Amino acid sequence: MVTNITNLGRSGLSDWLVQRASAIVLALYTLFIVGYLLFCPGLDYATWSGLFAQTWMRIFSLLAFVSLSAHAWVGLWTVTTDYIKPTGIRVAAQSIIILAIFVFLVWGIQVLWGA
């Protein structure tokens, strides 16, 4: 039986809701980016940079980064608890995953909001 040590007391319902909400945000972001690429055939650096210079796009991108991080964590937590039975190995794997997700999130925020 899997213990509650690594899920920080979350319920299955909250995990399900995080997965669904983050999937919706990621789908909307993907559709927007694909639509933008399709409807701006002469896309150059200035146009692309102008899009990401707008505050609403930065906030939308930040929401997508956070959603991707949450979606990845819940999904990988589920996979590791299902398939890695020894507690020590599972906790080590989950710790590495948390660190990697955190690094990618901070890096994405730095790229998005950095000077």
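Buried means under 20% relative accessible area, exposed means over 50%, and partly exposed lies in between (1.4 Å probe, protein chains only). The model is predicted: local features need pLDDT of at least 70, side-chain atom pairs count only at pLDDT 80 or more, and totals for chains, interfaces and linings use all residues. Residues are numbered from 1 along each chain as its sequence is written, and side-chain values use heavy atoms, with hydrogens and water left out.

**View 1. The buried residues of helix H1.** Helices (H or I, at least four residues) and strands (E, at least two) are DSSP runs, numbered from the N terminus. The buried residues of H1 are Asp15, Gln19, Ser22, Val25, Tyr29, Ile33, Gly35 and Tyr36. H2 and H3 are among the elements that cover them. An α-helix has 3.6 residues a turn, so residues three or four places apart point the same way. H1 has 28 residues, which at 1.5 Å a residue should span 40 Å. The expected span is 1.5 Å times one less than the number of residues. The end C-alpha atoms of H1 are 40 Å apart, which agrees.

**View 2. The largest nonpolar core.** A nonpolar core is a set of buried Ala, Val, Leu, Ile, Met, Phe, Trp, Tyr and Cys residues joined through side-chain atoms within 4.5 Å. The largest one here has 8 residues: Tyr29, Ile33, Tyr36, Leu51, Phe52, Met57, Ala64 and Leu112. Helix H1 (12-39), helix H2 (45-53) and helix H3 (55-83) each give two or more residues to this core. H1 gives the most, with 3 residues. What does Tyr29 contact, leaving aside its neighbours within four places in sequence? Its partners are Phe52, Met57, Phe60, Ser61 and Ala64. Contact means heavy atoms within 4.5 Å.

**View 3. Where H2 meets H3.** Two packed helices are described by the angle between their axes and the distance between the axes. Axes are lines fitted to C-alpha atoms, for helices over the stretch in contact, and angles run from 0 to 180 degrees between N-to-C directions. The axes of H2 and H3 cross at roughly 75° and come within 5 Å. H2 is therefore roughly perpendicular to H3. Angles of 65 to 115 degrees count as roughly perpendicular, under 35 as roughly parallel, over 145 as roughly antiparallel, and the rest as oblique. From H2, Leu51, Phe52 and Ala53 meet Thr55, Trp56, Met57, Arg58 and Ser61 in H3. The residues of this contact divide into 5 nonpolar, 2 polar and 1 charged. Ala, Val, Leu, Ile, Met, Phe, Trp, Tyr, Cys and Pro count as nonpolar, Asp, Glu, Lys and Arg as charged, and the others, Gly among them, as polar.

**View 4. H3 beside H4.** H3 packs with helix H4 (residues 87-113) at an angle of about 170°. Their axes are 10 Å apart. That angle makes H3 roughly antiparallel to H4. The contact of H3 with H4 has 15 nonpolar, 6 polar and 2 charged residues.

View 5. Asp15 is in helix H1. Is Asp15 buried or exposed? Asp15 is buried, with a relative accessible area of 8%. Its C-alpha atom is 9.2 Å from that of Thr78, 63 residues apart along the chain. Leu26 also lies in H1. Leu26 is partly exposed, at 21%. Leaving aside neighbours within four places in sequence, Leu26 contacts Ala64, Ser67, Leu68 and His71. Val34 lies in H1 and counts as partly exposed, at 42% relative accessibility. The C-alpha atoms of Val34 and Ala72 are separated by 22 Å.
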